[in-house]
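Thanks for coming. I will go through one structure this morning, so please look at the screen.

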Amino acid sequence: MASPAPALLTDDADPSFAELLAGRPHLAQHAHDGLTMEEVPLARIAREVGTPTWVYSAGTLRRRYRALRDALDEAQLGAEIHFAVKANPNLAVLRTLAAEGAGADIVSEGELRLALAAGIAPAHVVFSGVGKTPGELRFALSRGVGQINAESAEEVAMISAVATELGVTADVALRVNPDVDPKTHAKITTGKSGNKFGVAIEDAPDLYARMAATPGLRPVGVAVHIGSQITAGMSAYAAAYRALAELVLALRAQGLAVERVDCGGGLGIPYRHEPAPAPAALAGAIRNTLGNLGVKLMVEPGRWISGPAGVLLAAVIIEKHTGSRRFVILDAAMNDLVRPAMYEAWHGILPVSPADHVAPVSPCDVVGPVCETGDTFARNRGLPRLEPGSLVAFLDAGAYGAAMSSTYNARPLAAEVLVDGARFAVVRERQTQEALLAGQRLPAWM
Ligand SMILES: Cc1ncc(COP(=O)(O)O)c(C=O)c1O
């Protein structure tokens, strides 16, 4: 059992190690093996692959995909699930989800190439994003993507030009901005007026009618995505979907065909004490607002499926004390997991060794070696004394983790590993120092 978190750490205490484990069934502490994912000790992965390393649980990816699938099916929505590749573009992760029947929501040519390489049919791909280039549209249309979500009148014109040039008809949905507040971090709010995304809902009827008369296009429906890490109940979703339903009826009253509604992603996960929104609640919000329109429904979750399935495994370089503060310095840094620096995000941190799991804890700041004070993963976190080489795991790092990492401070990209039962495999090699430098050139005059 974990030692109780010391009083006075924070006003509302962090979850204990035991509480963190209880909500994450793919992780367990064993008296001999320490922290395991499914049946694989994380210490073994660290030994064989090194650190820092991202580790994903295939079983959790499947379990969460199926839970969402079941909730949508029980609500009799027949909705298609397009995994938001931006959350985790690892090929083995995508292949695991593709094998479950997932399609893909993509925002770049690179993500489309990954989705196709993972075995997702082009018809099962939706191309989202506020700034697709003509080159990316050309690639997507030549591969036959199932839907392009247009975000502006200017982009509609661009899609039309590219489709006409290729002699194809693009199935286009119009992404609208419903001006609702999803009550999440400002940097990941996407459906408020003033955000760059979509067209104002009041402009949508006119633009949709113009799309119907635009060469190379077939307007197939409407789309919305109001933000990410939404844990504050379903009211913002319901408001957005009600607005979409009214829009669909208004478009149909104009004699325009609306076959599809793309409900976006954004379902949040509990990193610390946040409520855990149930997929059934989302399915209910969709059913109550859009369920009777006779449209093909789609959702685009990323974080909810892959977030809890991953950890970032890191090793302690050294502990240092300056003044009254205790710093645990890891070999992972903000270039690996940027969410704490970027969004003030909280991630659970569990010691891997069985002895560290039960040792008394005291407050420390958990930091990386990057030369910025922002390279701080946690402040005043209760952790045991950690010797150099001790391992820790950052929880819920399977979404917007490796996907957002960089090589800042000339630090190679970390390895990625997939665990499936008692097996594990490296699914992305650690970037080598040579690969990090490859591509740099000195100009001829130097
Ligand atoms: C258009 C679109 N769809 C889906 C997602 C996935 O969001 P999440 O990972 O929060 O489910 C995003 C991410 O912001 C997005 O921009």
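This is a predicted model: local features need pLDDT of at least 70, side-chain atom pairs count only at pLDDT 80 or more; totals for chains, interfaces and linings use all residues.

Residues are numbered from 1 along each chain as its sequence is written.

The sheet. Helices (H or I, at least four residues) and strands (E, at least two) are DSSP runs, numbered from the N terminus. Two strands pair if DSSP finds at least two bridges between them. Here 3 strands make an open, antiparallel sheet, ordered E1-E2-E3. E1 (27–30) and E3 (40–41) are the edges; each has a single partner strand, so one side of each lacks a neighbour in the sheet. Between E1 and E2 (residues 34–37) there are 4 bridges, and His30 sits opposite Gly34 in E2.

Next, the helices. H5 (residues 109–117) and H6 (residues 134–143) pack at about 25°, with axes 9 Å apart. Axes are lines fitted to C-alpha atoms, for helices over the stretch in contact, and angles run from 0 to 180 degrees between N-to-C directions. Angles under 35 degrees count as roughly parallel, and H5 and H6 are therefore roughly parallel. Contact means C-beta atoms, placed from the backbone, within 7 Å. On the H5 side these are Glu109, Leu112 and Leu116; on the H6 side, Glu136, Phe139, Ala140 and Arg143.

Methods:
Angles under 35 degrees count as roughly parallel, over 145 as roughly antiparallel, 65 to 115 as roughly perpendicular and the rest as oblique. Two residues are in contact if their C-beta atoms, placed from the backbone, lie within 7 Å.
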